[in-house]
Amino acid sequence: MGKRRAGRELLRSLSKKQKKHLREFGEEHPFYDKGNIIVQVEVRSEDSDKSSAESDSETEVEQVSGYHKLLATLKTSPESESEEEEDESESEEAEESEAEMDSEGSQEIGEEEGGEEDKKDVAEKKEATDTAEQMLSQEQADGTDTSCDPRHGVIEEFTDVKHESEFSLETNFMEEESGDGNADRKDSSSSQALPEDPFKQHMDKELEEKEIEKMSTLPKTSSQSQWPRLGQVIFSSTLEKQKSLKADKEVDVEQLHLHKPLESTWPKVNKQFLSAVDKPTDCFFTPLQRELFCIMNSYRDLFYSERNALTNGEEVRHAYCLHALNHVLKANAQVLSNNAKRRDRKPGADTDDHRDQGLTRPKVLMLVPFRECALRIVHILISLLEVNDKKKIDVSNKKRFKGEFGSDPEEKPPNLKRPEDYEAVFAGNIDDHFRIGVAILQKSMRLYAPFYSSDIIIASPLGIRTVIGAEGEKKRDFDFLSSIEILIIDQADIYLMQNWEHVLHLMKHINLLPLDSHGVDFSRVRMLNLNNWSKYYRQTLLFSALQDPQINSVFNKHCFNYTGQVAVRNVPLTGSISHVVVQLPHVFRRLEADSVTSVIDARFQFFIDKVLPEYRDAIMSHTLIYIPSYFDYVRLRNYFKKEDLNFTHICEYTKKATVCRARRFFLKGEKQFLLFTERFHFYKRYTIKGIRNLIFYELPTYSHFYSEICNMLKATDNGVDATWTCTVLYSKYDAQKLAAVVGIDRTAQMLQSKKNVHLFVTGEN
């Protein structure tokens with residue numbers, strides 16, 4: 001009875017979203033879990049919580065990289081398993097605020113509570129959780145709405161099937177889409193009949209075999225130009241001759257070819273950003289939006305690496321939502337107009353002129369990291385479709401959407417002090433496993449549309465990956481990606497902190513020929529889709545807060561747009577080191593490597609041979625080692641255990657109680673080294689006290705993390721003079737990260753010289 005009562009109490013304490021997550025994954029969501037700090041994006045089985053040591057081995061991917069093979073050779077010592085089990089027993093402590101974790105009183109209490117009775121408490125809690133899961137299963141059997149199969153971990157999502165005929169492009173006509181059909185048809189047909197319409201120019205161009213071969217074999221030619229707002233813009237193309245792009249100084253509404261009703265709704269929706277501009281040059285765009293939309297509307301690929309969630313993030317989001325919706329409305333209007341023409345045509349007339357569709361209906365795929373981002377996108381799309389307050393559009397399943405994608409103020413974690421950029425990124429619902437189809441007609445929108453009846457798909461990398469599946473799985477589907485015409489990857493830098501493999505997996509399965517026809521009318525399919533040339537027409541819009549080799553690789557190797565590519569490549573002049581406020585000597589130690597693949601082993605060998613011996617002495621205590629890669633963290637942790645070094649470690653999978661204990665040991669000097677991962681810092685932003693010596697095993701992915709970590713030393717002020725040190729390892733392959741930290745001028749000098757570089761920051765730079 002006690003077990004069942006504990007299960008009921010646990011179940012009652014969970015919110016609706018937490019119950020749903022418990023059914024899907026067999027555990028609470030890591031952001032709200034009071035005992036865990038888990039930041040992982042693979043779909044885990046029910047047995048995945050046995051120990052955090054097991055989580056050190058990453059989920060297998062289809063193609064095992066050389067680095068994964070390297071990890072396969074690493075062995076975890078037996079002590080680690082027992083230590084992680086002990087950590088698990090302490091992870092059931094109550095949620096503590098950051099101030100409580102830093103105070104001596106709460107540390108001692110936590111130490112007393114982590115005694116012999118912990119294992120018994122864990123067993124009771126686990127039994128209560130199992131009982132709660134059984135009760136959830138009973139609720140499902142009683143008819144409660146469920147969204148997943150807990151036995152298989154496969155999400156069975158809600159899809160709207162009631163409105164299929166209302167949103168079908170095959171059975172609707174232009175007159176039915178609007179109350180004033182003739183006027184709408186006249187406006188849409190006249191606007192699309194213009195030869196300079198970018199949409200028709202791009203989609204109606206017929207490539208030849210020799211042009212496809214040329215794009216597949218010949219390198220791209222590049223040219224660069226300076227734009228007023230974007231800065232240095234690099235244009236590259238294989239088919240077009242070398243030329244420099246110029247930004248439009250003024251925007252002519254007619255030249256934009258915005259589809260009705262966007263001409264009237266866009267100024268109202270974008271008014272909030274125009275009011276912030278000192279001297280707006282036009283009533284449609286901010287200077288940034290104007291230059292970005294100029295590139296988007298030309299249907300060239302775009303990589304903008306200065307998207308900032310704190311400053312211009314919403315400006316960028318509004319701009320690409322306008323472009324995506326404009327594209328969808330034009331494409332659907334073309335189909336509906338041709339439906340009317342086919343209906344009214346004479347028997348025996350040629351119908352080959354009506355090729356206006358792809359092999360599947362989805363045209364736009366938006367990749368965003370969190371549910372909050374999807375919520376904001378849908379709100380923007382609705383606002384752009386509503387001409388005025390009196391003419392509200394019909395949005396099906398809107399209430400359900402707000403419930404699943406909105407945030408509950410009561411579910412927010414404790415109100416801890418965090419940097420502004422952290423608050424901007426992690427605002428609202430930060431669940432990273434979702435996908436939703438959106439079907440759009442001019443006066444109505446259908447949320448939760450089946451993928452094959454959707455115009456726009458909004459998903460996270462994990463959400464789309466679980467649909468695509470892996471080779472050998474019985475239930476997998478990626479045919480809906482076959483005719484994607486616009487791919488938008490927003491906040492790409494966050495995917496580096498989640499799982500970049502999901503993005504690569506998507507890029508390998510997009511614009512492939514479908515395995516099934518899915519009821520398509522082949523007489524309406526464009527020849528470019530039948531020839532399997534969809535990828536050469538797809539426009540990719542990539543937005544990130546930073547330049548990274550992995551992001552650059554996707555843009556350079558997986559984007560084949562025949563109109564060319566535009567990348568914004570501005571170099572930082574000062575670097576984040578200028579934001580370090582403590583007086584600290586910075587030593588940049590260069591390591592040599594023959595290739596990008598060998599730099600991983602070269603860095604490890606350089607560290608254990610040249611750097612670590614200098615810090616083995618007890619006088620060099622309180623040493624924090626910052627490690628961006630989780631794989632490097634596992635390798636160093638195993639090496640430290642093998643060498644029996646006095647250390648503790650914190651990563652994104654470490655339990656909350658273990659984090660408290662590790663921080664306490666490090667502050668008191670009971671542990672000489674602290675291994676600290678970048679992903680943990682990204683998701684938690686704790687201030688680590690007690691640091692006297694810093695080692696950056698590799699330069700941070702986010703440049704501002706460098707100054708944040710260095711400034712943690714000021715939290716160690718204990719009234720006595722302390723000798724602080726900071727050592728950074730870098731190679732010639734870290735040029736982008738190095739420039740973001742020290743500036744472009746110093747980077748050029750450091751890469752030319754093979755000597756170690758000593759910099760001293762006074763706190764006034």
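Packing here is judged by contact, meaning heavy atoms within 4.5 Å, and helices are DSSP runs (H or I, at least four residues), numbered from the N terminus. The model is a predicted one, so local features need pLDDT of at least 70 and side-chain atom pairs count only at pLDDT 80 or more, while totals for chains, interfaces and linings use all residues. Residues are numbered from 1 along each chain as its sequence is written, and side-chain values use heavy atoms, with hydrogens and water left out.

Which residues of α13 are buried? In this helix, which covers residues 262–269, they are L262, T265, W266 and V269. Buried means under 20% relative accessible area, exposed means over 50%, and partly exposed is in between (1.4 Å probe, protein chains only). Looking down the axis of α13, the buried residues fall within an arc of 105 degrees, so they line one face of the helix; the arc is taken from the directions from the helix axis to the C-beta atoms.

Helix α28 (residues 656–668) is another story to follow. Its 13 residues reach 19 Å from first C-alpha to last, close to the 18 Å expected at 1.5 Å a residue, where the expected span is 1.5 Å times one less than the number of residues. Of those 13 residues, 11 are buried, so α28 is largely enclosed by the rest of the structure. Among them are K656, R661, R663, R664 and F665. After α28 comes G669, with a positive phi near 85 degrees.

Then there are the nonpolar cores. A nonpolar core is a set of buried Ala, Val, Leu, Ile, Met, Phe, Trp, Tyr and Cys residues joined through side-chain atoms within 4.5 Å. The largest has 150 residues, and Y320, M445, I458, F588, L624 and Y706 touch the most other members. This core takes at least three residues from each of domain 1 (198–341 + 356–411 + 421–568) and domain 2 (576–762), with bounds from an automatic or database domain assignment. A second, separate core of 29 residues includes L591, A593, F607 and Y633.

Finally, a loop residue: S483 sits between α20 (461–468) and β11 (486–489). S483 is buried, at a relative accessible area of 1%. Leaving aside neighbours within four places in sequence, S483 is in contact with residues including G358, T360, N511 and N529. A polar atom of the S483 side chain lies 3.4 Å from the backbone nitrogen of T360.

Key. Helices (H or I, at least four residues) and strands (E, at least two) are DSSP runs, numbered from the N terminus. A polar contact is a pair of N or O atoms within 3.5 Å; within protein, one must be able to donate a hydrogen and the other to accept it, and residues adjacent in sequence count only if both atoms are side-chain atoms.
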